[in-house]
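Work through the exercises below with the structure open beside you. Try each task before reading its solution.

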Amino acid sequence: MVGATDYLGHRAYYSNWGHTVDVMAPGGDMRVDRNADGLPDGIFTLTYPGLGTDTTIVQGTSFSAPYVSGLVALMKSIKPDLNHEEALSILKATADPAGQ
């Protein structure tokens, strides 16, 4: 399972936690602006209102999981026969422990 971190790399207040979380990735925290850019510390994402393209800021583990999926895809591009156990082992071994 993927958990979410905030701007500082700590577990986001809404994130799952405990032994079921394998790795964490950015998920944002819309309640704060820690980098003082005038925007909430969320995740920028594309929206398609009326089939046009726009952006919005969101938060959640639903935005953390694609980071991990993309990283595993890059890993598989280097090692196509990479299996689930190997990928998880590499993720855990190379993750920043700050989110624990």
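The model is predicted.

**Exercise 1.** Find which element supplies the largest share of the lining of the second largest pocket.

Solution. The largest share comes from α2, with 4 residues. Helix α1 also takes part: α1 and α2 each supply at least two residues of this lining.

**Exercise 2.** Describe the second largest pocket by its volume, its lining residues and their classes.

Solution. Step one: the volume is about 150 Å³. Step two: 13 residues line the pocket, and those nearest its centre are Val 72, His 84, Ala 87, Leu 88 and Leu 91. Step three: by class, the lining holds 9 nonpolar, 2 polar and 2 charged residues.

**Exercise 3.** Decide how α1 and α2 are oriented to each other: roughly parallel or roughly perpendicular?

Solution. Step one: locate the helices, α1 at residues 61–78 and α2 at residues 84–94. Step two: their axes come within 11 Å and cross at roughly 115°. Step three: angles of 65 to 115 degrees count as roughly perpendicular, and α1 and α2 are therefore roughly perpendicular to each other. Step four: the crossing in which α1 passes α2 is right-handed.

**Exercise 4.** List the residues that make the contact between α1 and α2, then sort them by class.

Solution. Step one: α1 contributes Val 68, Leu 71, Val 72 and Met 75, while α2 contributes Ala 87, Ile 90 and Leu 91. Step two: the contact has 7 nonpolar residues, with no polar and no charged ones. Step three: look back at the pocket, where Val 72, Ala 87 and Leu 91 are among the residues nearest the centre.

Technical notes. Residues numbered from 1 in each chain as written. Predicted model: local features only at pLDDT ≥ 70, side-chain atom pairs only at ≥ 80, totals over all residues. Heavy atoms only, no water. Axes fitted to C-alpha atoms, helices over the stretch in contact; angles between N-to-C directions. Parallel < 35°, antiparallel > 145°, perpendicular 65-115°, else oblique. Left-handed = near helix turned anticlockwise from the far one by under 90°. Contact = heavy atoms within 4.5 Å. Nonpolar A, V, L, I, M, F, W, Y, C, P; charged D, E, K, R; others polar. 1 Å grid on protein atoms, 1.4 Å probe; cavity = no way out; pocket = protein on both sides within 12 Å on 5 of 7 lines; lining within 4 Å. Points joined across faces, edges and corners; volume = space filled by probe spheres on them.
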